[in-house]
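The sequence and coordinates come first.

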Amino acid sequence: MLSVEIKKALETLTLDVKFEVNAGTVTALFGKSGAGKTTTVHSIAGLIKPDDGEITLNNKVLFNHHLRTNLPVYRRKIGFVFQSARLFPHMTVKKNLLFGLPRPNKIHIKITLDMVTKLLDLSSLLDRRPQTLSGGERQRVSIGRALLSQPDLLLMDEPLSSIDLHLRAEILPFIQKIVAEVQIPVIYVTHSIEEAIYLADNMVLISEGQILQEGSVEAVMNRLDLYPVTGRYDSGTVISAQFLNYDKGFDIGELKFPGGILKVPGLNGKIGDNFRAHVKARDVSVSLKKPKDVSILNLFNGKIIDIRIDNSPQVDILIDIGIPLIARITRKSLSELQLTKGTKLFTMVKAVAIDKKSIGHIQNSIT
Amino acid sequence: MEFFSPVEYEIFLLSLRVAFWGVICSLPFAILVALLLARYSFPGKFILNTIVHMPLVVPPVVIGYLLLLIFGNNGVLGRWLFEVFQISIAFTWKGAALAASVMAFPLMVRAIRLSLDLLDIELEEAAATLGAGPFKKFISVTLPLILPGIIVGTLLGFARSLGEFGATITFVSNIPGETQTLPLAMFKYIQTPGGDFQALRLMTLSVILAVGALIISELVERKLKARNL
C-alpha cells in the first residue's frame, strides 16, 4: 500500500495532498494541467523533494521530512512511465527493456522479458532502435521497460499525451491488460475522463494543489459539485454494468445495471462481463410523461434528488433511476416543466451518444 | 621510412608521444571538471571555471613559467616528486606532455561540457527510476551519450598538443630527442642559417598531422550522430 502526505510550495500554488493507494488497484490522479498532478507523482518517485510530509510504500519510508529520510530515486523500486517515452537512443529496444531488470540472484523476477514482449506485442520491435519507432510503439516499450524493473508501484504520468489522438485508443487496451496481469498498485495521471473511466478503480480529484474528492470512479464522477474540475462539457455519470445480451440483427449490446438495461450500439461481449459506461449529462433528456413513438432506446423512470443551478443557462439535475444519473437541461426547461426535488419523471439516454470510446471493459470484477 | 630522415622520424614520434600522453592524462580530469561545471553549483565554481580557462587567455609563456615554478627541480611539487619518487619532470618529455595537457585542457573541458549541456537530463532521470545508481547511470547512459563530445574534445586537445610551443619551450626547453617536438624543431631550423628547407619539410608534416586529426574527428562525429539519431 502507498500512503502519501506531502506539502510543496510551487511557483503558482501550494501542493498539499494526502491519499492512499491499495495494492492491485488503479488510481487515477485526475485534474486540469497545472493542478499539481505531475509534482505529486514526481515526489513519490523521488525526482522532486517535498517541503514537508511523509511517503511510505508497503511500510517502507521513502520520504519523511522530520526524520530527514529521502530515499534516492534508484532505491525506491517505483516504475515510472513519463509523458514522453524517454527511451535510451543508444540502445536497441531489447536493451532498453532489459535496462532495469535486476540480477536474478538479487530479487525474484516476477515479470519476465517474454511476458512483457507478449503482453505489449513487442516481439517485432526488439532489435530496432527507438528512433525508428512510432510514438505509440515507443510508449509501449517504455511501459515494458518500467515493468521489467520489477517495481512495487507503477506511476504513469499522462502516458498518452504525446501520442496522436487516433493512436491512443490502440494503447489503452495494452495498459489495461498489464494492469490486470501485474498485481501492483498503479497511479495513472490524466486529464482525460475517458482514460480515467477506462482504466481506473479509484479516482483522486486534484485542483490547485488540493484534493477535492477521492473514491471510486463512479462515486467521484457522479458528484454535481465537481464540474469545475472535471470539466463541464464531458461531465456525466459513470455506470457499472454487466453484459446481458447481444442483439445480432441490430448490432446492439445490452448492459444490465441497477437502473435497468442500457443499450449500446456496436458493443459485444461475454455474458456477465463487467463494463463501465460513461453517460454524458448533455446526452440525457427528461420528460414528465412517458414518451411515445420516440427513437430513444434507453428509457428509465426516476425521481429528482438534486438540482444544481448557477449563472449559466444550463442546469444539472441528479435523478435517481436506481443509480444516480446526471442530466443537463436548460434553465428554461426546468422552469417550464416546474421541476423540483422529488419530481417523478422519465429519463432518456440517446443510445448512439454512448460510443465505444466511453465504454470500459473491466476485467477484474468491481466491488 | 624513406620519406623521413632519422632525425625527422624521431621528432615525429616524440611529438605523437607527447601529445598522446598529454591528452590521455588530462581526459579523466576534463570529464570530471566538465561534469562539475555542467551539473553542480558549489562555492568556488566561478574560480574553478576561471582557472580551467586560464590557458586559453594567458600567454603560453606564463603557463610555462608557472609550471617551471611548480614542477621545476626547485619548484614546490617538483622537489617533492624528486625526493619521494626520484621523478624529475622538468626538461624531460614528461614535462612536455604536462605542458601540452595543461594547454589542451580548456578545449577538452569545453567540448565535453557542451555535449553534457545538450544531453537530455530526462534520460538520466529515467535511468534512476529503473534502479540505476549514480555509477551505472553514468557508465551506461551519460557516458555513451556524451561520447561524441569526448572524442571531439580529445582530438581537438590532441591537435592543440601537437602545436604547443610557448609553454613547452619555457618549461622544458628545446632539447633534441627529449623535448624537441615538431614546432620546437621548426623554430630551431628557422633560426639556423640554411635551415629553411628542413623547416618547410617539418611544416608540411605538421599541417598533415593537424588536418588528419580534424578529419578523423569530423568522421567520428558523423558516424556517432548517425548511430544515435
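## Chain B: overall layout

Within chain B, 69% of the contacts with a separation of 6 or more are made by residues 24 or more positions apart. The model is predicted. Chain B contains ten helices and zero strands, and its pattern along the sequence reads α-α-α-α-α-α-α-α-α-α. Along the principal axes, the C-alpha atoms of chain B occupy a box of roughly 65 × 45 × 30 Å.

Chain B has 229 residues, and 45% of them count as buried.

## The interface between chain A and chain B

The size of an interface is often expressed as the accessible area lost when the parts come together. Between chain A and chain B the buried area is about 1,800 Å², and carbon and sulfur atoms give 66% of that area. On the residue level, 20 residues of chain A are in contact with 20 residues of chain B.

How many salt bridges are there between chain A and chain B? The count is two. One of the pairs joins B:Glu122 to A:Arg86, with an N to O distance of 3.2 Å. A:Arg86 also belongs to a network of salt bridges with B:Glu122 and B:Glu125.

## Salt bridges within the chains

Side chains of opposite charge can pair when their charged atoms come close. Over all chains, a search of the whole structure finds ten salt bridges. The table lists some that lie within a chain.

| Pair | N to O distance | Residues apart |
|---|---|---|
| A:Lys8 and A:Asp51 | 3.9 Å | 43 residues |
| A:Lys37 and A:Glu158 | 3.7 Å | 121 residues |
| B:Glu8 and B:Arg201 | 2.7 Å | 193 residues |

A salt bridge is counted when the nitrogen and the carboxyl oxygen are within 4 Å, so the pair A:Lys8 and A:Asp51, at 3.9 Å, is included. This pair links distant parts of the chain: A:Lys8 sits in strand S1 (residues 2–9) of chain A, and A:Asp51 in the loop between H1 and strand S4 (52–57) of chain A. A:Lys8 has a relative accessible area of 18% and is buried, whereas A:Asp51, at 36% relative accessibility, counts as partly exposed.

The side chains of A:Lys37 and A:Glu158 meet in a salt bridge at 3.7 Å, N to O. Here A:Lys37 lies in helix H1 of chain A, and A:Glu158 lies in the loop between strand S8 (153–157) and helix H5 (165–181) of chain A. A:Lys37 is buried at 4% relative accessibility, and A:Glu158 is buried with a relative accessible area of 10%.

In chain B, B:Glu8 and B:Arg201 form a salt bridge at 2.7 Å, N to O. The pair connects helix H1 (residues 6–39) with helix H10 (residues 196–228) of chain B. Is B:Glu8 buried or exposed? At 4% relative accessibility, B:Glu8 counts as buried. B:Arg201, at 28%, counts as partly exposed.

## Helix H1 of chain A

Helix H1 of chain A spans residues 37–45 and is mostly covered, with eight of its nine residues buried. Among the buried residues are A:Lys37, A:Thr39, A:Val41, A:His42 and A:Ile44. The helix is followed by A:Gly46, which has a positive phi near 95 degrees.

Where in chain A is A:Asn222 found? It is in the loop between helix H7 (217–221) and helix H8 (227–230) of chain A. A:Asn222 is buried, with a relative accessible area of 13%. This value is under the 20% limit, so the residue falls in the buried class.

Leaving aside residues up to four places away in sequence, A:Asn222 touches A:Gly236, A:Thr237, A:Val238, A:Leu318, A:Pro324 and A:Ile326. A:Leu325 is 103 residues away from A:Asn222 along the chain, and the C-alpha atoms of these two residues are separated by 7.4 Å.

Technical notes
Residues numbered from 1 in each chain as written. Chains lettered and ligands numbered in written order. Predicted model: local features only at pLDDT ≥ 70, side-chain atom pairs only at ≥ 80, totals over all residues. Heavy atoms only, no water. Helix = DSSP H or I, 4+ residues; strand = E, 2+ residues; numbered from the N terminus. Buried < 20%, exposed > 50% of the residue type's maximum accessible area, 1.4 Å probe, protein only. Contact = heavy atoms within 4.5 Å. Buried area = accessible area lost by both parts, 1.4 Å probe.
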